[in-house]
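Please look over the sequence and the model shown here before reading on.

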Amino acid sequence: MSNKSFLFCSLTSCFIFLSGCYRAEVNTQHTNQINKSFSSSQSIGESRKVSALGIIEPISDLYLLAAPLTKIGGSPRIKSIFVDEGDLVTRGQVLVSFDNSSELISERNRLEANITLKNNEILILENQIKRFEGLTDAGAFPISELEEKKLRIANFRTELRNLTGQLETIDERLKIEPLIRSPIDGLVLKINNKVAERASTDAVLEIGDTSQMQAVVEIDESDIKYIKIGQNAVITSENGSFSQNLNGTVSSVGLNASSKSISGLDPVTAPDSEVRVVEVKIALDSSSSLITQKLTGVKVLALITVSE
């Protein structure tokens, strides 16, 4: 073999060896980086921390405000909506008004027709009774049948009074608009209808007291043994909904594991159906609650300090 050939083979072998070493180093670094990024439980300095995905919610229950039902069981049309999503409202404030006149007018027309029919029946019976009273005195008509007709006319008059009372009630209702008022001081979280639509059967609006907010997070079942009430947590936005770090304290630890319902941005995690999690609630402090007051439902990442 010539010196040139020998030199070429040596350089080629050296290049292949160095390339293999470089690829091995890059793969090792990449693997370590992935393992570090998606570990739900990790030690940072002297502290052990557990991370979990969650969403922001009010601590208090949400109020689902539905429209009043009409007498015939339907929903009235929305006449006016006086608030927008994100508006702060006070207890007793009028939020929505309804136009139920079409249903009430239909009911009124039905009552008027029945009243007319009942008046005609009473008039016929009154004429019959007058005629039969003379025949009864002459012995040409049984007294028992006359008494039966008098009883029927008394029943008809009772029914007429009831129908007239219902008509007066309808007339009063036509003077008053049905309304939805806020039951609390809170925030309008969602409006499900538009003006002129028939109201949703579930809720026209959703109201919540957002003065105190919380992060509801899903802790992997393998880490739940580390979580205790009173532990401190730092919450950040996973999608940039807010830029500040939020502070909170674990206020509730669930008792049952369930399937994961909140998906993260990382592509390496196991499918949600294979992950079992426990719900943990983190109460936010006052300043953090103020930041998230209008961010119900946004996705967050919580880092809970479980040991110092």
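Across the whole structure, a search finds six salt bridges, a salt bridge being a side-chain nitrogen of Lys or Arg within 4 Å of a carboxyl oxygen of Asp or Glu. Side chains of opposite charge can pair when their charged atoms come close. The model is a predicted one, in which local features need pLDDT of at least 70 and side-chain atom pairs count only at pLDDT 80 or more, while totals for chains, interfaces and linings use all residues. Residues are numbered from 1 along each chain as its sequence is written, and side-chain values use heavy atoms, with hydrogens and water left out.

One of these pairs is formed by the side chains of Glu121 and Lys118, with 3.3 Å from N to O. Both residues belong to helix H2 (residues 101-137), where they stand three residues apart, about one turn of the helix; helices (H or I, at least four residues) and strands (E, at least two) are DSSP runs, numbered from the N terminus. Lys118 is buried, at a relative accessible area of 13%, whereas Glu121 is partly exposed, at 25%, where buried means under 20% relative accessible area, exposed over 50%, and partly exposed in between (1.4 Å probe, protein chains only).

Lys118 also meets the side chain of Glu159 in a salt bridge, at 2.6 Å from N to O. Because Lys118 lies in helix H2 and Glu159 in helix H3 (residues 143-174), this pair ties together parts that are 41 residues apart in sequence. Glu159 counts as partly exposed, with 35% relative accessibility.

Another salt bridge joins Glu126 to Arg157, whose closest N and O atoms are 2.5 Å apart. Here too a residue of helix H2, Glu126, is paired with one of helix H3, Arg157, so that parts 31 residues apart in sequence are tied together. Glu126 is partly exposed at 27% relative accessible area, and Arg157 is likewise partly exposed, at 35%.

Ser182 is buried, with a relative accessible area of 3%. Leaving aside residues up to four places away in sequence, Ser182 touches Val89, Thr90, Arg91, Gly92, Gln93, Leu95 and Ile207, contact meaning heavy atoms within 4.5 Å.
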